[in-house]
Amino acid sequence: MIEVVASMARGPVFLAGEVLECLVTFTNPMSHLSTSASSEMLAWASAQIHCQVHASENRVALPAQGTKQDVQAESETVLIPSRGERGQCVLDTPPKILFCDLRLDPGESKTYSYSEVVPTDGPPSFRGQAVKYVYKLTIGCQRVNSPIKLLRVPFRVLVLHGMPEPPFPQDEEVAPSNPFLEEEEGSRRDTRSLERALEMLMITTSRRCPYMFNITNMRGKVAKFCIFKTVYRLGEDIIGTFTFSEGDIPCLQYSVSLQSEEEVQEQYQRRPGQAVSVTGHGRHLESCLHTASSHFTLPVPLNVTPGFTTDIVMLRWRLHFEFVTAREPVEAPVVLQNQSEVTVWTGAEHVDVDTFSWDLPIKVLPTNPTLASYVSQFTGTNSINI
């Protein structure tokens, strides 16, 4: 028996275009006191990244694929990372061989390093109601004249879309180079690319410009709403303020919800005019009668998917507002200046109300993948015995 352990040291979340690094350790767990006859042999091992799409049959009509055999023949040596997986493979990287003809004596262990750039032309990791995109690193191992064993390590991919171009060319060398460190040039370039992307992300989401909105219904003005920006990254707080003192209609209650809209592209819809799937990710509810001003704070969770578009599905983000207003003026309690007795104000038992809603589109962008790793459902480590 050989134990195979794969571990992503940096964490299980990556930005598209970033280098994924994984250490794969092969160990013969038998005691070193055993005889040499207890040595174990592996013919080969290779690794590959792939992305699977899982679609709801009730919502999505994907084109049919040809039938595939999921059973690994004993004599077959071709690594198919999506073998036995549900859904369709929409992206994969070229396989890389880790070794050929590995012999492990009792108690011996060997570690191999796998690295690959996460493709930038793929979808982000996403678990929606209609579509799911799942990324996995698959490591295939085979003994001689035995079927291939697969070790899968799931991870999360964040894709950065809609960012402005950086002010300098991608290949421009800003810092002086060291001719004695040529072997590290590739890794330094990858690091600079990631740092540049994160810097542009911070600049884009840090710009503040107050946006003012007059909230009105058919009876008149209810309030003035102010939000300081409409572009946020994962983990940020959305802050907005209401000014009810400038309204003509009494507002009894309001609520603000952070929602995502998942819309299947028209050519893949199971039924014409199919409804958009709406998912809530947080809600603020407040009673505000006789309140001059109010504010709310809604955090953008780190584990949600930023907005994106593929051939199959589109994900958008919005703030959903709901207001409850009175049809008639509601008098505020009056306290006399020299009044000595305690006065208790009781709200009206019956108030005729109107309700209406409003949606404000916003943009949600990724964040630093290291920060997102802290709340990831994946560990970045997996193992198998073969």
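A: Leucine 20 touches Met8, Phe14, Ile49, Tyr114, Ser115, Glu116, Val118, Leu137 and Phe155, leaving aside residues up to four places away in sequence. Contact here means heavy atoms within 4.5 Å. This is a predicted model: local features need pLDDT of at least 70, side-chain atom pairs count only at pLDDT 80 or more, and totals for chains, interfaces and linings use all residues. Residues are numbered from 1 along each chain as its sequence is written, and side-chain values use heavy atoms, with hydrogens and water left out.

The largest nonpolar core has 83 residues, of which Leu20, Phe26, Leu137, Ile238 and Leu319 touch the most other members. Such a core is a set of buried Ala, Val, Leu, Ile, Met, Phe, Trp, Tyr and Cys residues joined through side-chain atoms within 4.5 Å. Buried means under 20% relative accessible area, exposed over 50%, and partly exposed in between (1.4 Å probe, protein chains only). The core draws at least three residues from each of domain 1 (3-65 + 75-159 + 369-385) and domain 2 (211-331 + 350-365). These bounds come from an automatic or database domain assignment. In soluble globular proteins, nonpolar side chains tend to be buried together.

Now the charges. The structure holds 14 salt bridges, each a side-chain nitrogen of Lys or Arg within 4 Å of a carboxyl oxygen of Asp or Glu. Glutamate 236 pairs with lysine 229 at 2.7 Å between the closest N and O atoms. Both glutamate 236 and lysine 229 are buried.

Glutamate 263 and arginine 316 also form a salt bridge, 2.8 Å from N to O. Glutamate 263 sits in strand β15 and arginine 316 in strand β19 (residues 313-326), so the pair ties together parts that are 53 residues apart in sequence. Strands (E, at least two residues) and helices (H or I, at least four) are DSSP runs, numbered from the N terminus. Glutamate 263 is partly exposed at 27% relative accessibility, and arginine 316 is partly exposed at 29%. Both belong to a salt-bridge network that links Glu261, Glu263, Arg316, Arg318 and Asp359.

Last, the surface. Leu371, Tyr374 and Val375 make a nonpolar patch of about 330 Å². Patch residues have over 30% relative accessible area and no salt bridge; like charges are joined within 9 Å, nonpolar side chains (Val, Leu, Ile, Met, Phe, Trp, Tyr) within 5 Å. Areas come from the Shrake-Rupley method with a 1.4 Å probe; for residues, only the protein chains shown count as cover. Tyrosine 374 lies in the loop between α2 (369-373) and β21 (381-385). Tyrosine 374 is exposed, at 66% relative accessibility.
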